[in-house]
Amino acid sequence: MLQRIRDKSSGWMAFTVLGLVIVTMAFFGIESYFAPKIETYSAKVEGPAKFWIWGKASREIGQDQFQRRFEQVRQLERARQGDAFDPLAFESADNRRRVLDEMIDEEVLALFAEREGITIGEAEVAAELKQMDEFQVNGAYSADQYRLGLAARGMSHGQFIASVRADMASRLVPTQILATGLATDAELDEFLRLSRQVRDLALIDLPTPSAPEAPDDAALQAWYEANAARYRSPEQVAIEYVEIDASLLDVPTVVDEQTLRARYEEQRGRYVTDPVRTAAHILVAAPANADAATDQAARERAEALAEQARAPGADFAALAREHSEDLGSKADGGLLGPIEPGLFEGPFQDALFALDQPGQVAGPVRTPDGWHVIQLADITAGSGRSFEEVRGEIEAEYLATERDRRFSDLSNTLIERIYRDPTSLAPAAEATGLEVKRTALFERGNGEGIAAIPEVRAAAFADNQRIERQVSDAVEIGPGQVVVLQVVEVVPEAQIPLEQVRERVRAELVADTLSKASEAQAEALLERARAGESFEVLASEVGRTVAELPGITRQAPVPPALIDEAFRLPVPGGDAPSVGMVRLGPDRHALVQVLKVSDGELEGLDEATRDQLLGQVAQARAVVEREAFVRALRRQFTVTVAEDRL
C-alpha cells in the first residue's frame, strides 16, 4: 500500500496539487493556516475584485474608531439638548446604527474617489488648510498654531496633508452635487401652494369615557403577569473610585530666572517671527508620469512665461489669469497668499524662499502637478519680543503647564499601575497617594454624586467592569479631571413582587382601560362619519359641539398631531367626506373633518424673497440628490456590519 502511494506521488497529479498549494500560500501566507484571523471591525466595505477573487479594495471601521465617533456625537447631542439630553435613550441600537451608517458612507465615498482616480492639487489643499478654524489665530492662519495642532495629533506635515487631500477627494463629487441643485419657477410655485395651503376644519373633541369599575385582584394579577417587564427593579452597581482634579494639585508658585530664560529659548518661535512671504504662481500642468515629450513641451511653455513675467512692466497677475492651469488660483491672478515654511516642500519652497525682493520671479520648477513660474508678490518683515517683554507671560504659562505636567504625571502613574494589576484599585491608589472613595448603589440611567456623571455610569456598566470587575480606564469627566473606578457590588435586575407595586399596577391598568375605551369610541364614531353621518349628530350624541377651525395653516398654534392628520387627509370631493381621527392624549381623541382646501397665495413676494426661496428649494433637492447618489454608490460595494460589536 505505502509503495503504491510513493509510486503515484511523482506523477502529474501530485505536481498539480503541489502547485496549487504553493500558489495559495503565495497569496495568503502560510501563517493563515496556523493563526486564524480574528475580525475586530464594526463594519467593512469592499469593492468588486479586479482579478477573480483577488484585488478587492476594502476599508474597515474598527471598534475603537466607531466608539470614538459615537462619543463625539454624544457630546454634540448633550451640548445641543442640554438638560433634555437622555443618555440612556441615546445608547439605543438605532442611534448606534445611524452613526455607523454615516461612517460607512464616508468609506464608500473614499473608495469611490480612489477607484475613479480623483486627486486634489497642492494649491487647493493649501487653501483648504488655511481655512481650517483650528489653525486660525485672530481670524488668520497661523503656522505656529498649525505646528501645535500636528503635534497634538502626533502626525507629520506629510501625513496630515495626505489625509486632508484624501478627505477633499472623497467629498468632491457630493459637494459638486450640493452646489448644482436646480429648481424651476414652476416647482417653487407648487411648493408655495402646498406649504402655504389653508384648510377649514371641523373638530369634535371627544369626552374621555367613564372610569371603569375598580379592578379586582384577579384583574390586577392578570395585568401584572402580562406586563411583567414593566415591574422589574433595574440593575444597580456600587463602585470604588479615585479622582484626580488638576485644580486641587499642589504646584510651585515661584519660578527661577534660569528656567524662564531656557523656556524663552525653547519657544523662541512664538516671540520672534520670520518674514512672511506672499506668493503667486503660474502652473503649466504636466502629470508626474507624463512622457518626455509632453514634459518638455510643458517646460518650454513655462520658460517662455517666466521670460514674459521677468520683462520690465510685466503684469504677472494678467499672465496668470490668461495662462495658468491652476483653477484654484487662476481667477485671483495666481495668488496663493502667505506661504509659511513647510506648507510647500521641495523645489517649489526652495525657489520661493530664495527670492528676497517683492516682484522677483523664479522658475520654472517641477512638482507632481507640473511646471510652476513663481513670483514673490510681497514680503512682510518679521517681528520679535525680548525676554524682558514677555517674562511675565512666560512665568504665568509655566506655572499653568506645571500644573498640567503634574496632572499628566500623576495620571500616567495611576494608569501604569492599573495596567500592571487591573484586578484591584487599591495598589494604584496607594502608589499615587490618592484616596479611594465609594458610592451608593446606582442605576444605569441615573445616580448621585459622581455617579450623576453619564461617563462614569457608562464605564461602571461596561462588561469589563460590571461582569469581570476590572479597574476601568481613565474616565475624563471635565477639563483636568479624570476618574478611575472599579465595580465592587452588583445588584441584578429582579422582578418586583406584586404587593410592592399594587397601586402602580392598579393605576396603569385603569389608564390602559380608559385609553382603549377612548380609542374604541373614536373609531366607532369615525366609521359612522365615513358612512355619511353628520358631525353635528355625532357631537350631540356624545354631549359635545362641533368646533369650527377656519384658515388652519401648517404653522397654526394647535396640537401637532392635529396638524399632521388635517394635512394628511385628502381634499374633500364627491360623496365621501374627508374625515380622520386624532389622538390628543392617553385617553383623549378627536374627530377632524376637512371642509375646504385653499392653495397658498403666490402674490406678495418680492423678487429678493422669491430668489431666496428658490435657492432653498434647489438646496433641498440637492440634498435629496446627494443622498440618492450615495445610496446608489453604496449598492456597488459590499458592506458587512458586525452588529455584535456595536
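User: Is strand S1 (residues 41-46) largely enclosed by the rest of the structure or left exposed, and how many of its residues are buried?
Analyst: This is a predicted model. Buried means under 20% relative accessible area. Strand S1 is largely enclosed by the rest of the structure, because its buried residues number six of the six.

User: Which residue in S2 is the bridge partner of Tyr41?
Analyst: S1 pairs with strand S2 (residues 58-62). The pairing is antiparallel and has five bridges. Within S2, the bridge partner of Tyr41 is Gly62.

User: Which residue in S22 is the bridge partner of Lys44?
Analyst: S1 is also joined to strand S22 (residues 638-641). Four bridges link these two strands, and they run antiparallel. Lys44 has its bridge partner in S22, and that residue is Thr640.

User: Which strands stand at the edges of the open sheet of four strands?
Analyst: The order in this sheet is S19-S5-S21-S20, with antiparallel pairing. An edge strand has a single partner strand, so one side is left without a neighbour in the sheet.

User: What angle does the direction of helix H21 make with that of S20?
Analyst: Helix H21 (residues 502-530) packs on the sheet. There it touches S20 and S21. The direction of H21 and that of S20 make an angle of about 165°.

User: At what angle to S20 does helix H23 run?
Analyst: Helix H23 (residues 560-568) lies across strand S5 (198-205), S19, S20 and S21. Relative to S20, helix H23 runs at about 170°.

User: How many residues of the second largest pocket's lining come from H6?
Analyst: The pocket holds about 970 Å³ of space. The elements that give two or more residues to its lining are helix H4 (63-81), helix H6 (93-116), helix H9 (157-179) and helix H24 (607-634). The largest share comes from H6, and it is nine residues.

User: How many charged residues are in the lining of the second largest pocket?
Analyst: The lining has 28 residues, and Gln65, Arg69, Glu106, Glu107 and Asp167 lie nearest the pocket's centre. By class, nine lining residues are nonpolar and five are polar. The charged residues number 14.

User: Is Ser170 buried or exposed?
Analyst: Ser170 sits in helix H9. Beyond residues up to four places away in sequence, Ser170 touches Leu109, Ala110 and Ala113. Buried means under 20% relative accessible area. The value for Ser170 is 11%, so this residue is buried.

User: Which residue in S12 stands opposite Ala285?
Analyst: Strand S9 (residues 276-285) and strand S12 (residues 370-380) pair in the antiparallel sense. This pairing has 10 bridges. The residue in S12 opposite Ala285 is Gly370.

User: Through how many residues does the hairpin join S11 to S12?
Analyst: Strand S11 (residues 361-367) runs antiparallel to S12, joined by five bridges. One of the bridge pairs is Thr367 with Gly370 in S12. The hairpin joins the two strands through two residues.

Notes
Residues numbered from 1 in each chain as written. Predicted model: local features only at pLDDT ≥ 70, side-chain atom pairs only at ≥ 80, totals over all residues. Heavy atoms only, no water. 1 Å grid on protein atoms, 1.4 Å probe; cavity = no way out; pocket = protein on both sides within 12 Å on 5 of 7 lines; lining within 4 Å. Points joined across faces, edges and corners; volume = space filled by probe spheres on them. Nonpolar A, V, L, I, M, F, W, Y, C, P; charged D, E, K, R; others polar. Buried < 20%, exposed > 50% of the residue type's maximum accessible area, 1.4 Å probe, protein only. Pairing = 2+ DSSP bridges. Contact = heavy atoms within 4.5 Å. Axes fitted to C-alpha atoms, helices over the stretch in contact; angles between N-to-C directions.
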